[in-house]
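Open the model in your viewer and keep the selection tool at hand.

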Amino acid sequence: MLNDLTSPLSLLATRRSGKPRDLVAPGPDAAQLATILEIAARVPDHGKIAPWRFVIVEAEQRDALSKRITDAYRVERPQAAATEIAALDQFAHQAPALVVVLFAPRTASHIPLWEQQLSVGAACMTLLHATHALGFAGGWLTGWPSYSDAVRDAFGADPERIAGFFFLGTPVKQLEERPRPDMRTIITRYEP
């Protein structure tokens, strides 16, 4: 069973993201989303500087998000095919809930940028864990919109960067396991 909620350890051992295109209503309500984000903020954060931000995109804002993404894409790629634009429009309208996570580096801090980047990654993963612990599924997507300054500017400003788009909802079909790394290839023993 994937996303097994019988214990915290079983959830971690069976966690599987949902494909955003396969996530439908119901999604987390406002109170559940607040809980998810409060939990996501409880990550290692050297210096207590919170080098991340969460931006909730409400359902009624998805058309505006789609326009922002597709307009930016057309500026960068004026010869874009209609299928590319349709795919970006679909991207903006997936799943009932959407949170955009921004990496918000604290450039004046003495905390190394690398540690700040690790913290935002931890916040992203914890957001997914909290989503799954509430009985929903989530998918973390990046893709072209995450690397566009014009799209980023809808949520923040340089030096911030989009860490990912988090689509949350209920899987319309059974989640499928994906291949996992062979543990023998990624674990070694320190030998002085």
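Which element gives the largest share of the lining of the largest pocket? α5 does, with 4 residues. Before you select, note that this is a predicted model, where local features need pLDDT of at least 70, side-chain atom pairs count only at pLDDT 80 or more, and totals for chains, interfaces and linings use all residues. Residues are numbered from 1 along each chain as its sequence is written, and side-chain values use heavy atoms, leaving out hydrogens and water.

**Stop 1: the largest pocket**

Select Phe103, Gln117, Val120, Gly121, Cys124, Trp140, Thr142, Tyr147, Arg161, Ile162 and Ala163, which line the largest pocket. The space inside is about 200 Å³. The lining has 7 nonpolar, 3 polar and 1 charged residues.

A pocket is an open set of points on a 1 Å grid over the protein atoms alone where a 1.4 Å probe fits, with protein on both sides within 12 Å along at least five of seven lines; lining residues have an atom within 4 Å of a point. Volume is the space filled by probe spheres set on the points, which are joined across faces, edges and corners. Helices (H or I, at least four residues) and strands (E, at least two) are DSSP runs, numbered from the N terminus. Ala, Val, Leu, Ile, Met, Phe, Trp, Tyr, Cys and Pro count as nonpolar, Asp, Glu, Lys and Arg as charged, and the others, Gly among them, as polar.

**Stop 2: the second largest pocket**

Now select α2 (30-40), β2 (52-57) and β3 (97-103); each supplies at least two lining residues here. The volume is about 160 Å³. Its lining includes Asp29, Leu33 and Glu58.

**Stop 3: a helix pair**

Select α3 (residues 62-76) and α4 (residues 82-92): they pack at about 145 degrees, axes 8 Å apart. Axes are lines fitted to C-alpha atoms, for helices over the stretch in contact, and angles run from 0 to 180 degrees between N-to-C directions. Contact (heavy atoms within 4.5 Å) involves, among others, Tyr73 of α3 and Phe91 of α4.
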